[in-house]
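Please open the model in your viewer and display it as a cartoon.

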Amino acid sequence: MSNFNYGARAELFASRRYAKNNQTQYRRFNTAAEAVRFVIEDLPTAARAGSYLEVDEQRYEGGSIKELYDAEAYPLERTFA
């Protein structure tokens, strides 16, 4: 994941268990960094299961998203350690 583009547009497809309406089932972000932060800092932990990000035609799920958040290259300030 060292070549991950945090500046690319990203789409979040939330788990159907968590997403109760169309607005929460799908969300678009201007940058992948914002999407990663939203998943880790704002989604309930249970909602991460079954949810995934799509960035540059690649899918990232659960542990992969957490790895992106924890990576040295992550450009935003972290709320969680």
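Two strands are said to pair if DSSP finds at least two bridges between them. The model shown here is predicted, and the first stop applies that criterion.

Select residues 52–55, which form strand 3, together with residues 58–61, which form strand 4. The two strands pair in the antiparallel sense, over four bridges. Next, select Val55; its bridge partner in strand 4 is Gln58.

**Val36.** Move to residues 32–42, which make up helix 2, and select Val36 within that helix. Is Val36 buried or exposed? Val36 has a relative accessible area of 0% and therefore counts as buried, the cut-off being under 20%. Now display its neighbours, leaving aside residues up to four places away in sequence: Val36 touches Leu53, Ile65, Leu68, Tyr69 and Tyr74. Then select Leu12 and draw a C-alpha to C-alpha distance to Val36: the two residues are 24 apart in sequence and 9.2 Å apart in space.

**The whole chain.** Finally, select the entire chain and colour it by secondary structure. Of the 81 residues, 35% are buried. Among contacts between residues at least 6 apart in sequence, 60% join residues at least 24 apart. With the surface displayed, the chain exposes about 5400 Å², of which carbon and sulfur atoms supply 42%.

How values were computed:
Residues numbered from 1 in each chain as written. Predicted model: local features only at pLDDT ≥ 70, side-chain atom pairs only at ≥ 80, totals over all residues. Heavy atoms only, no water. Buried < 20%, exposed > 50% of the residue type's maximum accessible area, 1.4 Å probe, protein only. Contact = heavy atoms within 4.5 Å. Areas by Shrake-Rupley, 256 points an atom, 1.4 Å probe, with all protein chains shown as cover.
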